[in-house]
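User: Can you walk me through this model? Keep it brief, please.
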Amino acid sequence: MKKMSTSSANRLLITGGLGFIGSQTAMHFAQQGWHVAVIDNLSRMHQLRKDPLNKSYTQIWIETHYPQIEIFIEDIRNLEKLREIYVKFQPSVVLHAAGQ
């Protein structure tokens with residue numbers, strides 16, 4: 001697959017970014033050269049396997065293999081925090097993949 005041209009405009013923010021669809025999308029776009037950030041409240045954490053540091057294996061995988069992806073552990077219903085993340089990251093595209 002041909003990589004997309006990268007520019008400062010290629011900034012993707014994904015809600016639910018540590019879920020299956022969100023994380024796969026984040027990794028794909030990071031491989032294409034996009035600047036990617038994910039927001040997740042880990043609401044499904046109790047259903048997922050986790051390590052002793054209380055992180056999901058998906059979060060550990062992304063942090064280890066895709067350190068360029070920014071991870072924000074936050075609830076998107078917290079509008080103040082969501083605004084802070086939006087202003088800090090300045091996405092050109094937002095993908096809503098949060099399920100709850």
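This is a predicted model: local features need pLDDT of at least 70, side-chain atom pairs count only at pLDDT 80 or more; totals for chains, interfaces and linings use all residues.
Analyst: Let's start with V87. Residues are numbered from 1 along each chain as its sequence is written, and side-chain values use heavy atoms, with hydrogens and water left out.

User: Where is V87 found?

Analyst: V87 sits in helix α3, residues 79–89. Helices here are DSSP runs (H or I, at least four residues), and strands are too (E, at least two), numbered from the N terminus.

User: And D40, buried or exposed?

Analyst: D40 counts as buried, because its relative accessibility is 10%. D40 belongs to strand β2, residues 35–40.

User: What does the side chain of D40 reach?

Analyst: The backbone nitrogen of L18, at 2.9 Å.

User: Which residues is D40 in contact with, leaving aside neighbours within four places in sequence?

Analyst: G16, G17, L18, G19, F72, I73 and E74. Contact means heavy atoms within 4.5 Å.

User: New topic. In what order do the elements run?

Analyst: From the N terminus, β-α-β-α-β-α-β. That comes to three helices and four strands.

User: What is the mean pLDDT of the chain?

Analyst: It is 86, and 81% of residues reach 70 or more. pLDDT is the predictor's confidence in each residue, from 0 to 100.

How values were computed: Buried means under 20% relative accessible area, exposed over 50%, partly exposed in between (1.4 Å probe, protein chains only). A polar contact is a pair of N or O atoms within 3.5 Å; within protein, one must be able to donate a hydrogen and the other to accept it, and residues adjacent in sequence count only if both atoms are side-chain atoms.
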